[in-house]
Amino acid sequence: MDHLYRTHEYLLRHTRRGLQRSLMEEIDWSQRIIGIRGSRGVGKTTFLLDYARRHYAPTSRECLYINLNQFCFTVDSLGSFVDSFVEQGGRTLLLDQVFKYPNWTEEFKQCYHRHPDLRIIFTASAVMNLEEDDPELARLAAIYHLAGFSLREFIQLDSGIALPAVSLEDVMTRPQELVAELARTLNPDLWLDRYLEYGYYPFHLEPRLYSENLLKTLNMTLEVDLLFIKQLEQRLLYKLRKLIYLLAQQPPHTALNVSQLAAAIETSRLTVMNYIRYLADARVLRPVFKQDDSELRRPSQVYLGNPNLYQVLQPEHPDRGEHLRTFVFNQLSKEHDFRLSPRGARSLFEIDGRWLLQIEDSLEGRYRSDRHYALRQGDFTRDKSIPVWLFGFLY
């Protein structure tokens, strides 16, 4: 166990401190089992280490970070390790990559009942469905989703300026007031292009090329999060990669043609639909459904999961409107629902069943009073006109 404490102390002293993420304030830390679920690369490990830094000294024996791909766990059981940890005064266990340990859910439940004073905080892949895989543990655990950086968090990290998050209600009903308040501090529009290129992931803090890190993360998502966790065959990796690439090359807001995609990757329509669901779980793709459609049906459109993915999937000048819609959907997705409006326009969406929102680089055609406009360029003194960057302040 001592070598794990030494690793824990080294990581706390030498890993870059992360930004105070908004999720840190949302979690009920009184819960005894807390799961942090998120897509690969968004900073789940850093989140655990930041928690340890904020609440314990690096040399404290009460808290311990462990990556469960440690070789010692091929021989020692997690349950017996936890028993020893608690006997030596341990109170909080931070467990990373739990899917690397077989039968982890059963041992979690045993530890929960055996050690009432122990808190376990673990990270999980976005593709893991604890509610279906182990409903009993899902009832015991509080599960939270860690998204990538919002535009607000990215600006705060780059500038050091503390910025408030805003509600969607305020964005939709009083955007001019919010813009005026923020303009006293800075102009967020100046950060938007940088965010669209490299702001969602924390890779830009590292010296290596951002696009190379992103490509590695995307491939690891497919090879580990999907093939390993979903137990797909290795030979299917090529089909998954081809499907993502084909969807990324489609013209803006093209209706999804499942038959065409099935023919292109030489598989069935049902398999294409399953792949899209898996990739949506992994936050690589973002399906958009019609207003009254079940998410088990075919989506109407499919966007990339976040705007940075264009760096490796469509690096040559992606359509500006599509890029901005990807940004807005990504920022909304943490807490809000968005659907394709039944009114026909393919850039018109219904948000939370309340607001019609048209998302464009700039408004072409006449202004309509029945909807809101999210625009990169335009007259923002007009009622219901919202600068697109304001959606980046939702979390």
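Helix α11 (residues 189-198) and helix α17 (residues 320-332) have axes that come within 11 Å and cross at roughly 85°. That makes α11 roughly perpendicular to α17, where roughly perpendicular covers 65 to 115 degrees, roughly parallel is under 35, roughly antiparallel is over 145 and the rest are oblique. The axes are lines fitted to C-alpha atoms, for helices over the stretch in contact, with angles from 0 to 180 degrees between N-to-C directions. Helices (H or I, at least four residues) and strands (E, at least two) are DSSP runs numbered from the N terminus.

From α11, Leu192, Asp193, Tyr195 and Leu196 meet Arg320, His323, Leu324, Phe327, Asn330 and Gln331 of α17; contact here means heavy atoms within 4.5 Å. Sorted by class, the contact of α11 with α17 has 5 nonpolar, 3 polar and 2 charged residues. Ala, Val, Leu, Ile, Met, Phe, Trp, Tyr, Cys and Pro count as nonpolar, Asp, Glu, Lys and Arg as charged, and the others, Gly among them, as polar.

## A note on the model

You are looking at a predicted model, in which local features need pLDDT of at least 70 and side-chain atom pairs count only at pLDDT 80 or more, while totals for chains, interfaces and linings use all residues. Residues are numbered from 1 along each chain as its sequence is written, and side-chain values use heavy atoms, with hydrogens and water left out.

## Helix α5 and its neighbours

Now turn to helix α4 (residues 78-87) and helix α5 (residues 104-114), whose axes come within 9 Å and cross at roughly 25°. Leu78, Gly79, Val82 and Asp83 of α4 make the contact with Glu107, Phe108, Cys111 and Arg114 of α5. These residues divide into 4 nonpolar, 1 polar and 3 charged.

The buried residues of α5 are Trp104, Thr105, Glu107, Phe108, Lys109 and Cys111. Buried means under 20% relative accessible area, exposed over 50% and partly exposed in between, with a 1.4 Å probe and protein chains only. What do these buried residues of α5 pack against? Their partners are the strands β1 (33-38), β3 (92-96) and β4 (119-125), together with the helices α4, α6 (130-133) and α7 (135-140).

## Cysteines

How many disulfides are there? With a disulfide taken as a pair of cysteine sulfur atoms within 2.5 Å, the count comes to 0. Cys63 is in no disulfide, and the nearest cysteine sulfur, that of Cys111, is 16 Å away. Cys63 is also buried, with a relative accessible area of 0%. Cys72 is likewise in no disulfide; the nearest cysteine sulfur to Cys72 is that of Cys111, 15 Å away.

Ser300 sits in the loop between β6 (285-288) and β7 (301-304). Is Ser300 buried or exposed? At 9% relative accessibility, Ser300 counts as buried. Leaving aside residues up to four places away in sequence, Ser300 touches Thr254, Ala255, Leu256, Val288, Phe289, Lys290 and Leu340.

Gln231, in the loop between α12 (210-226) and α13 (237-249), has a phi near 55°, a positive value in a residue other than glycine. Gln231 counts as exposed, at 70% relative accessibility. Glu266 lies in the loop between α14 (258-265) and α15 (269-281). Glu266 has a positive phi of about 60° although it is not a glycine, and at 67% relative accessibility Glu266 counts as exposed.
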